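Could you have a look at the chain below and then read my comments alongside it?

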Amino acid sequence: MAPGLSYHDAIKLLNGSGPLLRIADNVLGGALSIATAGGSEAAISLFDAKTEAIRLGHLITGKITDFVRDQGRYNRSRRLHAAHGILVVTAFFEVLDHDVDRDYQLSVVAPGNPPPGNWIARLLGAEIPVPGPDVSYDRLLRRIEEWCTARAAEICETVPPELPRRAVSRYEELVRSLASDVPEFGLWMNRQEDRAASRGLEALEATLRRVSSHRDPQRHRAALALTYRAGLGRPILGGDSGELTLPSLGAAYLDPRFRVKPAGPGARPAEEGWWDSEVRDDFAAFLAVYLTTPQAAAAPMLLLGQPGAGKSSLTRILAARLPAADYLVVRVALREVPAEAEIQDQVEQAMRSAIGETVAWADLARDADGAMPVILLDGFDELLQVTGIHQSDYLQRVAAFQQREAVLGRPVTVIVTSRVAVADRARLPADSLVVRLEPFDDAQLERWIATWNHANAGYWQASGRRPLTLGVLKRYPDLASQPLLLLMLALYDATNSWDSEGTLAAGQLYERLLRSFAEREVVRVHGEAHRDGLVEDELLRLSVVAFAMFHRLRLWVTTAELDGDLAGLGLQPRRQSGEAFRSPLTAGQEMVGRFFFIQRAQAVRDDQTLRTYEFLHATFGEYLVARLVVQALADAEARSRARTLSLGTDADDDLLRSLLGYTPLSARATVIPFIAELLAGREGVAGWLVDRLRDAVTRPRHTPLAYRPIEKRADYWMATYSFNLALLTLAAGGEVRASELFRHARDPADWLRDISLMWRAAMPGGMYLDALETLTVTRTWTGEGKRDLVVTAGAAPSGPVDLRWVQGNRVKFDRTFPSDGLLPPALKSMDLSGAMSDDYLRHAVDPLLRRFPDALVTFGTDESGMLRSLAHEIVEGLLGAAAGELDEEGLERLSLLLRQARSRSVDFR
């Protein structure tokens, strides 16, 4: 929220040390302060102040154009903010003068003994509400009404209820009458006629040109503007699009829907729950208000969006649309400047890259001739992601840069873009705004479709294919709602017939999308020869890219990490650079450089360019992980079934073991569902996986391959591998049964319990418990009377504890105590393991443990023969009593149980 101005500051801004300020100081703040508080003298001072304030207001509104004539953009905004404050005060006193007669004012003037002139001091110092980009017109009116109510309460003992409302109405009349002479008033009050969503921020440019000074820009500013303007005519995406025509950036970019919220204390913009502001569709109007108010120079704006949401495109559009007569724009792609450099150095390097000249920022800003400098820092998340340098103070450094420039008379607006996911990794300065781009809605999709179909009208006619339709896109809302992913769908739709197939399953859609773009790349580079084999090789390498991110529990991977993984699996670059002075491409660089659905993040540190890569949509990578797992599984199964002898070591699943030994497949929510979809209908896979799982938990061995994406202990590696085999078994429609894995064990359930403890130890953080949320564990018995555990897919709540199953055949109970000393070591074991679930349960029963420690290990059978603990019976009885469910007999039984707990004897019957 923009900070308000006081009445005194407003007069000072508009008139400096001139007569208006002297009137405010001497008349309002000085001469009137001699009136004593209370009685008629206070009322007389009120009349004088009121008359003088109305006169000043009329004088200022009559000369408002003189006050802002020939002012630069920033000074003009400040003076108009001040004039707005004067309008508020004038409207208040006009209504007070017109609607409240002198006798009534004399009768209701505030009683008491405040210091002389106290109400005048409060009037002069009180902040007046001002327009701001995050303040709607209705909200501004409410704030002005609240301000008028507070001022009236300082003057009148009883505030006439209609006074604040009439003051707001008068304020609106004043603003409306001045809007034609001062276009900014129309912007701030949100009264511009054209509020329809525009393309490429055309509405923003048109609006700002209405308030333009029409000065000729200085040479360097003009060169920057010309460079940025040229980008509007370039295709929205680089690369070869074949027979299709890619619309230009200016035509295809749609003004986004968005949310905006001030970054107050405790701001958490990466969390969905923090965003309680409404979704807006007036982005051009929002920016117009922001860029014509002083708030823009107070602190940076943080612009957030998902990968592919169009953040970088927005900065290119904004740089092209801001009129050079009033704005000095520098767009800084943070991937292309030194990450450790100061803000000013980053800006100067970006200017050199844009216009080919070395320009000192201080000289350029000083010669701006009233134009407002606007710096667009695009890709803050790339600094965090690529360099690994602690950049949590980056936005604070930006704010400090703005404060320094303002002190030196060079105020500057700064907008910083970042992905939503990393927004919490930087401290947000006070007074900054946070804006989040929202997904496309149906209306935006229809406008985008119209642009796409118009650009490719010739292709539709020549090919006989139908244009893109909204119905096709609405089948896949997660993809269609983000601009770059929407483009992927459009490109695929233009060359593939899928109208008659209905909505594809998620895996089918991703397979077709990825295969389609791989085919496009293969044909472009290699022609039609050996297309199928080369396409599959491309997808295989893409899958390794996906696993590189998956194993590191990140959505991105560095070039060095990717090169190491590819080499570990024996994948080398296909082609070497033919240029003698250019370093040959690594396998990783060659791989990811060909696909626009892999986003490259880049930063420069110590004169070295560092790069990371991520999929535009995380689900692309998750599908590719599932795809490679299923391929490795199928290959291992085929090799195993082809063997004619079962003697010797079976090393047919080396690749499968290598892939599965580092990270649980449940680490990403969609991987297992993708695997289940790919394995659907394959007979015998579940049985084969159970055999492999039995080998893994009874005869573990480490992988011999050089593929080591992360460091992992050998025992943890094998535990992770066996856990993933269990998950694969469930995904294939099978079940994991302890008695099937440990056929010769006296207690199969105990063996699987020990394995589960190894699984839990090997999983990072709470990943193991997250995986169990999707599974059902059933305690049962084998036909031979052995305890058994069965794990199946699907979430189901755990049943009641069967104490006979817990104890098995180790202890016989006949309503007597087990051996003393069972509980203390069990509690110490829980202390040592520190399992959160154990601690939660212990906390719940702590009162019982303190009063009746033996109740937990005191057992007996009820009338039905069910084994129960005394603690169980006591808790159930106490809860029943608290709920009023126990009759006299039940209460007597509860009393008996409590006496038995003290005497260490028990009989539940």
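This is a predicted model: local features need pLDDT of at least 70, side-chain atom pairs count only at pLDDT 80 or more; totals for chains, interfaces and linings use all residues.

1. The chain has 909 residues, and 52% of them count as buried. Its secondary structure comes to 41 helices and 16 strands.

2. On contacts and surface: among contacts in the chain with a separation of 6 or more, 74% are between residues 24 or more positions apart. The chain exposes about 41,100 Å², with carbon and sulfur atoms supplying 51% of that area.

3. The sheet I would look at is an open one of 6 strands, in the order 3-8-4-7-6-5, with mixed pairing. Strand 3 (258-262) and strand 5 (327-333) are its edges, each pairing on one side only. On average, neighbouring strands are turned by 20° against each other, direction ignored.

4. Within this sheet, strand 4 (residues 301-305) and strand 8 (residues 433-437) run parallel and are joined by 3 bridges.

5. Two helices deserve a look here. Helix 15 lies across strands 4, 5, 6, 7 and 8, and runs at about 160° to strand 6 (372-378). Helix 19 (residues 394-407) packs on the sheet as well, touching strand 4, strand 6 and strand 7, and its direction makes about 170° with that of strand 7.

6. How many residues of helix 15 (residues 311-321) are buried? The count is 9 of the 11, so this helix is largely enclosed by the rest of the structure. The buried residues include K311 and R321, along with L314, I317 and L318.

Methods: Residues are numbered from 1 along each chain as its sequence is written. Side-chain values use heavy atoms; hydrogens and water are left out. Buried means under 20% relative accessible area, exposed over 50%, partly exposed in between (1.4 Å probe, protein chains only). Helices (H or I, at least four residues) and strands (E, at least two) are DSSP runs, numbered from the N terminus. Contact means heavy atoms within 4.5 Å. Accessible areas come from the Shrake-Rupley method with a 1.4 Å probe; for residues, only the protein chains shown count as cover. Two strands pair if DSSP finds at least two bridges between them. Axes are lines fitted to C-alpha atoms, for helices over the stretch in contact, and angles run from 0 to 180 degrees between N-to-C directions.
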